[in-house]
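Please study the structure shown below together with its sequence.

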Amino acid sequence: MRRLFEITAGLGIAWAAARATQPSSAALAAPEPLAAIAPTTIPAPVGAAYDDDAAMTGHPEAVAGYTLRASLDPAKHTLHGEGRILWKNASRAAVSELWVHLYLNGFKNDKTLFQRVPVDGFRGTDSVTGFGHITVKRFAVREMEGQDLWPGADKTSPGDPDDETDIRVPLPRAVEPGASITVDVAWDEQLPALTFRTGFLDGFHFVGQWFPKIARLEPDGHFTHFAFHHLSEFYSDFGAYDVTIDTPDTMVVGATGRLEGEVRTSGRIERRYVQEDVHDFAFTAWDGFRELTGKSDDGKVALRCLYPAGHERSAEIEMETVRFGLGYFGKAYGRYPYETLTMVHPPEGATEAGGMEYPTLITTGGAWYEPFTGAHTVDTVTIHELGHEWFYGLVATDEHAFPFLDEGLNSYAEADSMEARFPGSSAVKWGSTEVSLWAIGRPGSIERAPNAPVAQPSPSFATGGDYGSLVYQRTASILGTLANVYGEATVRRAIGRYTRRYRFEHPGPAELLGVFDEVVGHEAAETLRAALFDRASVDYLVASFESELSEAPRGIFGDPAHPSPTPAAAPGPWSGDVLLRRRGALRFPVDVELHEEDGTIQRVRWEARAPAERLPYTGKSRLVAVVIDPEHRILLDENLGNNAKRDGKSTLGGAVLERALYGAEAALWGLQP
Ligand SMILES: [Zn+2]
């Protein structure tokens with residue numbers, strides 16, 4: 001399976017893999033014929049109209065709307081849910097089955113797909129301490145005589161008798177294109193002890209992936225559905241959510257959307273939250289939350305931070321970060337269209353609920369003392385999760401098939417915005433030691449690059465470590481390098497054109513590459529494609545250099561009977577050459593510094609079109625050192641240790657090479673959230 005990706009890397013194959021609908025990684029590797037998918041890989045030109053918000057669409061097509069009621073028993077950690085799903089067949093084909101995700105069953109026992117996959121370098125725990133599950137009690141389509149269809153549904157995920165997260169429900173009659181149905185649903189669930197993203201810790205509850213959710217239907221009429229995998233996130237259609245949450249009246253609740261009303265009855269409280277134009281809904285309930293509220297800088301977004309006592313400074317930082325981020329991301333990627341944004345800082349011990357994104361609700365995290373360490377960990381996790389409101393929330397890519405389109409682009413947005421806020425010290429500021437997020441992401445991005453392509457489905461990554469380093473860090477390093485080489489504003493504009501044009505849509509890699517081709521140029525787009533799909537890499541190095549005092553050429557010039565004057569010595573009076581190499585398939589133009597003995601530094605541009613090139617040298621004194629890419633613009637450069645060379649007589653020290661600093665940055669790699 002892996003071998004297939006290694007030898008056939010490219011957009012078409014990965015796109016085909018993305019369309020596979022089976023849960024196992026072996027099935028994911030089976031591509032459809034290239035000819036069948038080629039037309040979908042050529043996006044229409046986007047155009048400069050999408051460089052600002054005017055052309056941006058205001059609303060998505062409403063496909064899947066959920067009006068639900070959830071009653072939580074925080075003592076037993078159980079939830080009863082009921083309500084109705086309004087679903088529209090927005091495809092071109094009649095549909096005679098629905099696919100329903102029951103994510104909570106991923107925590108049902110040790111044999112589910114979610115539990116079978118080892119954590120192996122990514123977040124999460126290998127064993128659940130209290131199992132969770134969901135049981136559907138009713139699934140009745142009003143337009144089909146109101147018959148409960150659940151007894152006729154498959155019992156397990158396709159091809160996986162141990163998994164119950166990806167369920168096919170045959171319909172008695174087809175739903176024609178453009179037609180809508182209303183499904184009455186009811187279910188019971190037991191929340192797991194807090195594990196990856198969801199569950200309870202004592203009285204704290206975080207309720208995500210908690211209701212029967214219809215898989216996304218593609219325009220050609222096939223559902224993109226998949227069993228819940230440890231490394232995979234989600235993919236859904238847009239719609240309106242109207243959710244009433246019923247809890248004991250001691251509970252503080254935070255949820256997706258705006259609070260539309262509260263009804264108190266003996267000892268309980270019902271809160272109704274409504275949000276249009278989103279594709280998921282999550283909530284939290286705990287009687288221990290403190291609350292900090294505020295407004296975005298433009299006054300349009302009500303901000304609310306829920307946090308445990310003792311985390312007051314973190315809450316302030318999260319509020320400041322979100323204010324900054326709504327402005328920064330809004331300008332770069334299109335305005336935030338919702339009226340609320342809720343931050344949830346889980347209590348100590350509940351870190352598994354932290355660092356996650358849902359529409360209009362993000363979870364942060366960190367120990368109480370982290371704001372006082374000089375490391376921007378709280379800011380970083382906050383800005384990262386906020387960035388997801390664009391990269392998955394508003395641009396709803398398939399997180400299972402192409403996780404780099406959300407986590408990768410968002411990691412770039414995270415580092416770019418943190419650098420704008422804390423130039424040079426976006427990760428850490430310890431006295432005079434400053435470290436950027438770009439430097440932090442470098443080592444993993446490079447070390448893991450040969451292991452797998454960045455652009456592949458989540459379950460195709462062999463380990464959580466590969467997934468984290470390639471999807472998050474390498475994508476960010478690729479985009480950061482393109483920004484350093486072709487201009488930060490240009491790359492930001494390309495991504496902004498992509499996020500505005502495809503707001504409330506479900507683009508794939510072809511749409512991203514198309515916009516890079518338009519905005520940054522064909523060469524940059526091809527570099528991006530090769531870096532994402534082909535495991536392409538680059539290492540710049542100074543192979544050798546020499547210079548010598550120019551002497552007048554010797555010999556006979558012109559007619560030997562009447563020799564011409566001897567030509568003058570080359571200007572300089574020192575001359576020589578420098579042999580530079582570019583190893584690997586990626587190519588970026590780079591700057592090269594030529595250090596002369598008298599202290600003069602010449603700077604030349606090397607286009608690096610050939611894998612090796614001799615640059616001529618002329619100077620007033622001896623050439624004593626050569627440095628490629630002195631500002632480390634090429635974040636993907638495999639080995640910075642060979643970027644500089646000096647001769648034995650040079651007094652130039654490590655400051656020129658900055659290797660010591662990068663070593664320190666590498667050591668700090670583990671600090672990131
Ligand atoms: Zn993320």
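**A covered helix and its surroundings**

Helix α12 is mostly covered, since 10 of its 14 residues are buried. A residue is called buried if 20 or more other C-beta atoms lie within 10 Å of its own, exposed if 12 or fewer do, and partly exposed in between, with C-beta atoms placed from the backbone. The model is a predicted one, in which local features need pLDDT of at least 70 and side-chain atom pairs count only at pLDDT 80 or more, while totals for chains, interfaces and linings use all residues. Residues are numbered from 1 along each chain as its sequence is written. Helices (H or I, at least four residues) and strands (E, at least two) are DSSP runs, numbered from the N terminus.

Helix α12 covers residues 488-501 and reaches 20 Å from its first C-alpha to its last, close to the 20 Å expected at 1.5 Å a residue. The expected span is 1.5 Å times one less than the number of residues. Among the buried residues of α12 are Val491, Ile495, Tyr498 and Arg501. What covers the buried residues of α12 includes α6 (312-333), α8 (389-394), α9, α11 (464-486) and α13 (509-519).

The chain as a whole gives the setting. Its secondary structure comes to 16 helices and 32 strands, and of its 673 residues, 50% count as buried. Of the contacts in the chain with a separation of 6 or more, 70% join residues 24 or more positions apart. Two residues are in contact if their C-beta atoms, placed from the backbone, lie within 7 Å.

How are two packed helices described? They are described by the angle between their axes and the distance between the axes. Axes are lines fitted to C-alpha atoms, for helices over the stretch in contact, and angles run from 0 to 180 degrees between N-to-C directions.

Helices α11 and α14 pack at an angle of about 160°, with their axes 11 Å apart. The two helices are therefore roughly antiparallel to each other; angles under 35 degrees count as roughly parallel, over 145 as roughly antiparallel, 65 to 115 as roughly perpendicular and the rest as oblique. The contact is made by Ile478, Leu482 and Tyr486 of α11 and by Ala524, Thr527, Leu528, Ala531 and Leu532 of α14. By class, the contact of α11 with α14 has seven nonpolar, one polar and no charged residues. Here Ala, Val, Leu, Ile, Met, Phe, Trp, Tyr, Cys and Pro count as nonpolar, Asp, Glu, Lys and Arg as charged, and the others, Gly among them, as polar.

Helix α14 itself (residues 522-533) has 12 residues and reaches 16 Å from its first C-alpha to its last, close to the 16 Å expected at 1.5 Å a residue. Its buried residues include Ala524, Thr527, Leu528, Ala531 and Leu532. After α14 comes arginine 535, whose phi is positive, near 55°.

A second pair consists of α7 (residues 377-387) and α9 (residues 407-421), whose axes come within 9 Å and cross at roughly 130°. That angle makes α7 oblique to α9. The contact is made by Asp379, Thr380, Ile383, His384 and Gly387 of α7 and by Asn410, Ala413, Glu414, Ser417 and Met418 of α9. These residues divide into three nonpolar, five polar and two charged.
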